[in-house]
Structures are given as C-alpha cells and as structure tokens.
Amino acid sequence: MTFKTPSRLGLAGLTLGVLFALCLSFIAFDVAFAEMAAPPAAAAAAEPTVNKGDTAWMLSATIFVLLMTIPGLALFYGGLVRTKNMLSVLMWVFYSVCIVTILWVVVGYSLAFSGGSTALIGGFSKAFLAGVTPDSKAATFSVGANIPELVYVCFQMTFAAITPALIVGSLVERMKFSAMALFLPLWLLLVYCPIAHMVWYWAGPDAIDAAAKALAAAADGAAKTAAQAKLDEVNADSGLIFQWGAIDFAGGTVVHINSGIAGFVGCLLLGKRIGFGKELMPPHSLTMNMIGASLLWVGWFGFNAGSNLEASGGAVLAMTNSFVATAAAALAWMVVEWMAKGRPSLLGLVTGAVAGLVAVTPASGYAGPMGAIVLGILAGVVCFIFCSAVKNAFGYDDALDVFGVHCIGGILGAILTGILVNPKLGGTGIMDYATGKIADYDFVAQLISQGKAVGMTLLWSGIGTLIILKVIDVIIGLRTAPDAEREGLDLTDHGERAYNM
C-alpha cells in the first residue's frame with residue numbers, strides 16, 4: 001500500500017471527483033431537457049389515488065431511516081473505535097449523508113428508478129428531478145394506490161445515504177478522508193445505483209394490471225397478439241434481478257450484501273491497522289455503541305415497515321418481524337458467546353441485534369413472525385461465527401465487522417427469504433399482478449432466483465469497489481501515513497479532538 005501526502009494530491013483527487021459528478025450532471029440535464037420537451041403520454045384510464053395516511057406514514061418512515069444513519073449508525077460505529085479516531089468516523093458518516101443527498105436528486109434517483117436502455121441501470125429522464133413535482137405520483141404495491149413521488153425520492157435517498165456509510169466500518173482508523181471523500185460518491189453512482197435499479201425498478205402494479213386487463217378484453221387474434229406484446233413490454237420494463245424473480249423487501253441485496261462485500265474488498269486492499277493482532281484495540285465507549293444500536297433498531301422500523309410504501313397490513317407485518325427477528329438474533333448471539341467465551345457481553349448482545357435486523361430486512365414483508373424468529377436465531381449464530389472464528393482464522397482486519405454482520409447476514413436473509421415467503425410456512429407468497437392473485441410457490445425456482453441475486457450483487461459490488469479503490473489509490477493514495485495513523489485521524493485529518501482530556 002502506498003502512502004502519499006494528502007495536501008495537493010488530495011485536493012486534485014477531490015477536484016476530479018467533483019468534475020466527474022458535474023459531467024454526469026450536465027449530461028443528465030441535456031437528456032432530461034430533451035425528454036421534457038417530448039409530448040406527454042396518454043393518461044391512464046383509471047387514475048391512481050393518493051391516500052393522506054400513506055403519505056403521512058412515508059414521511060415518518062423517511063425520517064426514521066435518517067435517524068438510523070445520523071445519529072444511529074454514527075454513534076454505533078463511533079463507540080467501537082479508539083478515542084483518537086472517534087470524530088473521523090462521525091465525519092465520514094455525516095459526509096456520506098450530505099454528498100449522497102445532493103447526488104441523489106441530481107442524478108442518482110434517475111439512474112436507479114427510471115427506465116433505461118438496459119436492465120442494468122436507469123436513464124437520465126429524471127435527472128435534476130425533471131418531471132417530479134408535488135403532484136407527481138409513485139406506485140406502491142397495490143393497484144390504484146400511489147404516494148407522492150417526492151416522498152418516494154426522499155425515502156430511497158435515505159437508503160442510498162446509509163449504504164455507503166455502512167462501508168465505513170471496514171475502513172476506519174487507517175483510510176484518509178480525502179480518499180474516502182472521493183470513494184463514497186463514485187461508489188454511489190457506479191455500484192449502488194445499478195444494484196438498486198436491478199433489484200427494485202419495475203413498471204409497477206398499475207401498468208401490469210392495465211396491460212393484463214387489456215389482454216383479457218382483446219376480442220380477436222390480432223388484438224390479443226398486440227395486447228400480449230404490450231404486457232411483455234411492461235414486464236420487461238424492470239431491472240435484471242427483478243426480472244429473474246428475486247425478491248428483496250427492504251434491501252438485503254441492495255444495502256447489506258452490497259455494502260458488506262464492498263467493505264470486505266476495501267479492508268483487504270487497505271491492509272491491517274498498525275498493531276492489529278499485536279495490540280489491544282478495544283472500543284472506547286460501549287455506552288455510545290449501545291445508544292447507537294438502539295437508534296438503529298428504532299430507525300429500522302422506517303427501513304423495513306416503510307418499504308411497504310403504504311400504511312397497511314404489510315407494514316404491520318414488517319414491523320412485527322423487525323421486533324421478533326431482532327430480539328431472537330440478539331439472544332442467540334448472547335447464548336452462543338456465553339457458551340464459547342464463558343460470559344455474555346453487551347457488545348455481543350447489540351451486535352446480534354443488528355445482525356437480526358440485517359437478516360430480516362429482505363424477508364420483513366414476506367415471512368411470517370415465526371419464520372422471522374427462526375431467521376433471527378440463525379443470523380445470531382452464523383454472524384457470531386463469522387465475526388469471531390472465521391475472522392480470526394483468516395486474520396483480515398474488518399475493523400467493525402461489516403462483512404461478518406452485513407454481508408453474511410444479508411446473504412443468509414436473502415436466501416432464506418426465498419423459503420420463508422412460502423404461504424405453507426406462514427409467508428405471504430408473491431403477488432402475480434397479471435392474474436391478480438398470489439402466484440403458486442416454486443421452491444427450487446425461487447431459491448435459484450435468490451441465489452442469482454446474491455451472486456450478481458457480490459460480483460458487481462466486489463469488482464466495482466476494487467476498481468474504484470485501485471484508481472483512487474493511484475491518484476491520491478488510500479491510506480494515511482503511518483505516523484498520522486498512530487496519532488489518530490481526528491487530529492491529522494480534521495484538527496479536532498472528540499474529548500478534551
């Protein structure tokens with residue numbers, strides 16, 4: 001790993017990053033302006049309605065997700081590092097929220113949630129929020145029920161903000177801020193937005209329902225052929241992983257596997273912290289860590305229940321599962337740790353709770369409560385093994401266990417979601433909007449779809465992260481100088497101390 005001075009080179013790297021974002025922005029503006037000049041599409045026969053209760057719930061859920069990032073994630077991570085690096089972690093998480101917020105409304109939302117020429121990424125039709133007004137609508141999961149598109153923009157913006165912030169936990173205490181400041185926006189645009197598009201973008205239930213009804217009403221062969229072609233076109237207007245039939249209710253792939261594998265690649269590329277494995281590196285404030293974990297749990301109800309997009313039974317189910325899976329995982333981790341180490345720890349209890357939240361995220365709106373408890377228990381046990389035995393065996397320095405909790409917990413949750421969605425196991429099943437009823441459950445096909453989604457996310461994020469970090473390393477270097485690392489990033493990067501001794 002090369003160590004480079006951050007002054008002029010760091011400024012040059014940041015300048016390149018800003019120019020890159022501006023170039024994308026201007027391209028997006030040109031395309032968006034051209035699309036705004038095009039004639040509007042014909043209005044749908046039945047105009048979807050917006051319910052004030054759904055809107056109020058989504059406003060609240062959006063704020064909850066911001067709460068789980070700042071201050072929740074910031075305090076959770078901050079309490080786990082040494083005193084000399086506390087402010088640097090808070091800075092990184094807060095910066096992630098700020099930079100993502102701007103990039104999201106400029107181009108990120110359009111790349112993730114608009115139709116494009118490929119199933120891998122969206123287009124620029126909604127860059128600069130072109131066409132998005134207080135009166136424009138976004139689909140939910142119910143035919144005829146919409147929410148204001150701006151609240152959907154903001155809700156998804158909070159997801160986009162926390163995901164790169166999660167990566168920070170693998171890279172703390174040795175990556176300089178200038179490199180992180182360049183990495184996070186590039187990762188958002190080149191890794192997060194494509195994965196979000198592939199998993200979550202689709203035409204929506206209203207478009208599928210209308211096309212299916214037109215097909216049913218078609219009178220003759222030619223009309224039926226044309227109607228079938230239209231239905232096929234609507235179904236094709238979706239992301240690649242969505243087309244595979246994979247389900248992810250609130251972000252097991254998009255958020256957790258995505259950030260977890262990125263953090264793992266980053267920690268391997270950066271190398272170990274000075275003194276890792278030779279010196280004790282205890283958390284400086286488990287009190288703060290517990291406060292952060294508690295805020296994460298509270299905010300996660302917006303994350304999971306909010307992903308239902310309506311104040312309905314689906315949100316209630318996601319809320320219930322977020323209670324029971326989290327509690328089960330925390331208790332499972334505590335018991336296994338007690339058996340393995342002879343005593344339970346607060347750090348283990350709260351880390352287990354986060355592992356349960358991660359694992360239940362993709363299943364929260366699909367699994368029944370009893371299935372969620374089983375998922376939570378498995379998450380607590382499996383993530384404990386990866387954060388202790390596996391990590392110690394291989395010796396990698398994933399400082400705050402982003403890989404062991406988020407990537408492994410996300411993989412477990414994503415795969416088991418394909419099982420727990422089965423109505424015979426208490427799951428909700430998967431709605432087929434073309435027929436207007438729950439589709440027949442196919443165990444093998446669903447597991448294959450879930451596995452493909454996991455594999456695609458691991459490859460796209462892992463390879464994309466490696467390329468981005470390698471380029472940044474060449475331009476400005478990734479790692480702070482050894483003397484600066486020993487002194488602490490609070491002083492060397494920011495000229496501040498978290499505490500006055």
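Which residues line the largest cavity? In this predicted model, the lining is made up of Met68, Leu73, Phe76, Tyr77, Ile162, Leu166, Leu296, Trp300, Val354 and His406. The space inside the largest cavity comes to about 50 Å³. Helix α2 is the main contributor to this lining, with four residues, and α2, α4 (149-171) and α10 each provide at least two. Sorted by class, nine of the lining residues are nonpolar and one is polar, while none is charged.

A search of the whole structure turns up two cavities of 30 Å³ or more. The second largest cavity has a volume of about 40 Å³. Its lining consists of Val199, Ile241, Ala246, Ile247, Asp248, Thr253, Ala414, Gln450 and Ala453. Here the classes divide into six nonpolar, two polar and one charged.

Two or more lining residues come from each of α2 (52-80), α11 (313-341), α12 (346-360), α13 (369-394) and α14 (402-420). Helix α13 supplies the largest share, five residues. The lining of this pocket contains 18 nonpolar, eight polar and six charged residues.

Helix α12 deserves a look of its own. Val354, one of the residues lining the largest cavity, is among the buried residues of α12. In total, twelve of the 15 residues of this helix are buried, leaving α12 mostly covered. Besides Val354, the buried set includes Gly348, Gly352, Gly356, Leu357 and Val360. The cover over the buried residues of α12 includes α2, α9 (252-270), α10 (286-305), α11, α13 and α14.

Strand β3 (residues 145-148) runs antiparallel to β2, and three bridges join the two. Within this pairing, Lys137 has Pro148 of β3 as its bridge partner.

Definitions and conventions:
Residues numbered from 1 in each chain as written. Predicted model: local features only at pLDDT ≥ 70, side-chain atom pairs only at ≥ 80, totals over all residues. Heavy atoms only, no water. Nonpolar A, V, L, I, M, F, W, Y, C, P; charged D, E, K, R; others polar. Pairing = 2+ DSSP bridges. Buried < 20%, exposed > 50% of the residue type's maximum accessible area, 1.4 Å probe, protein only. Contact = heavy atoms within 4.5 Å. 1 Å grid on protein atoms, 1.4 Å probe; cavity = no way out; pocket = protein on both sides within 12 Å on 5 of 7 lines; lining within 4 Å. Points joined across faces, edges and corners; volume = space filled by probe spheres on them.
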